[in-house]
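Hello,

Here is the structure I promised to pass on to you. Have a look at it first, and then read my notes below.

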Amino acid sequence: MKALRNYLNKVKPNFEEGGKLHAFRSLFDGFETFLYVPNDTARTGVHIHDAIDSKRIMSMVVLALMPAMLFGMYNVGYQNYLAAGTLAQASFFELFFFGFLAVLPKILVSYIVGLGIEFAWAQWKGEEIQEGFLVSGILIPLIIPVNCPLWILAIAVAFAVIIGKEIFGGTGMNIFNPALLCRAFLFFAYPTKMSGDQVWVANDSIFGLGNTLPDGFTMATPLGQIGQGAEVTASLNDMIIGFIPGSIGETSVIAIALGALLLLWTGIASWKTMLSVFVGGGLMACCFESLGMTPIAWYEHLVLGGFCFGAVFMATDPVTSCRTECGKWIYGFIIGAMAVIIRVMNPGYPEGMMLAILLMNMFAPTIDHFVVERNISKRMKRGGTK
Amino acid sequence: MANVIKLRKGLDIRLQGRAEEQKIQLKSNGSYALVPDDFEGITPKVVVKEGDHVRAGDALFVNKQYPEVSFASPVSGKVTAVERGERRKVLCVKVEADAKQEYVDFGKKDVAKMDGKAVVEVLLQAGIFGYINQLPYAVSTTPSTMPKAIFVSALRDKPLACNFDYEVKGQEQDFVTGVQALAKIAKTYVGIGKLSSLDAQLSALSNVEVNVFDGPCPAGNVGVQVNHLDPVNKGEVVWTIGDPTVVLFIGRLLNTGKVDLRRTVALCGSEVKKPVHVDMLVGEELSTLLSNSYDAAHHVRIINGNVLTGRQTSKDGFLGAHSSEVTVIPEGDDADEMLGWIMPRLNQFSVNRSYFSWLCGKKEFQADARIKGGERHIIMSGEYDKVLPMDIYGEYLIKAIITGDIDRQEQLGIYEISPEDFALAEFVDSSKLELQRIVREGLNILRKENA
């Protein structure tokens, strides 16, 4: 290990100002800090620092996404074999590896395009690489349908990173969640690739795994079925375990719950936001159910579609959500309620989570403003009476 | 029983190397220096020349804007150097101590018969008035405005701090005299810890209110105590004594008529072989204390003060005016730790549960001076507020300071804070921003604007 350190020390001057590889400084920096904790010591202020840093935080979120990703891969295989009617003959590994091969290119495209832009941007601005895209890069493949073409994905990722994040100043300054912005871009620019009933089940075999489905094969998500006025075919059990068609990572409530546990345990996601999303969604769905406006039970609204995934991984994004504790309650509640309202009352969109979160991303600073303003007016009053 | 104020926010960082409650005797090597930077916000004007002879209590330098505020020499001896840095900034005034100490006699005083003016007068004459700080701006105070109240924190709870209850033992009378004198100037609030024994003696004094602060660090920060008792509004001034030894200085002056800047210092930190307490004078050279106290082969950081708010110094540095500890920790710049972002890092302290220090009960940790991460924009929300037990939105205030929006800073309560209140926030910050520097610069700009 010492040899590696020595090697890094030896090549480091090449990447510094005036070195022949200076154009790759940000890349070298990124890898060096990835391999080794920087040895920089405090110059001002406190002399000791907590061991936490944004690399650790982002890694924890990526770790929390692993169950959803792995299950998503399995489910991609499951849906394909189920549609072809060959589920009974297929082994667990066949299902998983088919899904793995179907999902991996999306993850690679997302990371290569996104991180490529991040590295270039950091080089241009002379900054350190920000870790934010580690999370966005894995979130994006998990919230798109499996049949989304890679070239479209590449464009959307580039859009999300540049317009969604970098022009605002990078991770921590963005208004909208980049992963959701990516999905929104796809959703409105290429609606046929993102919704409907042809995109949710992988329909080509890969390396001999999987089945080629007949042209014109259709399979709608449960929410899609509701949107079309059809009967929901999936059982509640399947909805919770996740054996339903949908975006790659969003189907399994159990896998998402595992991730949620890690996020709440480490305190990286706010339990207040998460809980209030479910409360808001649940109450709103109850209302609609009692008014007879929705054909499914209120709890099915919470387990279907992107609701859980959005509540756990998207709404709790600390940068784009409310930053005051009181604001987090309001923010989460409105997201939950709004998602269900869009689902039930808008015939155009069977799913409302993405739009609800993006809408509230926009209003989060306003909510915070009023919370902080309360503190300010208290202070001003105090000054007046004394 | 005094009023108990319970605080829930905050963090006690458990570090190795707490000083034992015993004192070693130390023979000074005779070198002393008073450092103007220890008195925040003053512009020093040196009033002695090299070669002059001073007595303990004679002024070495004064505050240029308020020449009546002088700063007394801790010892009698010969002024050997006035060291200056860039742009002739005064770094320190060095005094070589005489074998036999002479003191300026300011006369014993009967505090009960003095009024506020007389107390201020005697503090100014004796050159210890500048040890009192003020809010707003968290600077050494001036006699131009009288405060609406005076706050003394007799609770030291920063990591490895020298316990004031231990220091004050045997000097209770001086402390009581000091508080009594301050109470003549304005209403005086004394904040104590729940184990303190000072309560009974202090409560008997008139114009003094004693409050017990029960909670994790920074409950002992005087700014936190002010925020809970009588917050500062725009245009108001309170005097703060976050370093309770200053009250002992005042008490000794009034009881004996001499300037006696002796204080108890904890020699602490994980690199110190035998962490103990020692009595030293303000400005005493640290080399006698530090020689052989740590392994010279290690790359260490010597801190004048505690790990949160102290200043980095060297082996031949001088004890700071407000330093109740001298801390020695590993520098850590040769650690070369691999893959820290995913390793369990069982030996490192963190508030975050992705590490395991929260499972370790009372285990004490060794901390080095590494920042352990790169500086980022503020990403996580609510980190600061968890360790800032004040009615203030820390994150918003920091942003207002960074953007230089003075109106917003005022609205968010900048007059109530000092840099040390953000020390713990700086420690826990996952974005690794230099919060104390940001706050200090913000306060300085504001002070200039308002002047």
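**A strand in chain B**

In β20(B), B:T327 is the bridge partner of B:C268. Strands here are DSSP runs of E with at least two residues, helices are runs of H or I with at least four, and both are numbered from the N terminus. This is a predicted model, where local features need pLDDT of at least 70, side-chain atom pairs count only at pLDDT 80 or more, and totals for chains, interfaces and linings use all residues. Residues are numbered from 1 along each chain as its sequence is written, while chains are lettered from A and ligands numbered from 1 in the order in which they are written.

Strand β16 (residues 262-268) of chain B pairs with β20(B) (residues 325-330) in the parallel sense over three bridges; pairing requires at least two DSSP bridges between the strands. With β17(B) (residues 276-281), β16(B) pairs in the antiparallel sense over six bridges, and there B:V265 stands opposite B:V278. Six of the seven residues of β16(B) are buried, so the strand is largely enclosed by the rest of the structure. Buried means that 20 or more other C-beta atoms, placed from the backbone, lie within 10 Å of a residue's own.

**Where the chains touch**

The contact takes 49 residues from chain A and 62 residues from chain B. Two residues are in contact if their C-beta atoms, placed from the backbone, lie within 7 Å. On chain A's side, α2 (25-35), α3 (54-84) and α16 (353-385) are the elements that give two or more residues.

Enjoy exploring!

Definitions and conventions. Buried ≥ 20, exposed ≤ 12 C-beta atoms within 10 Å, placed from the backbone.
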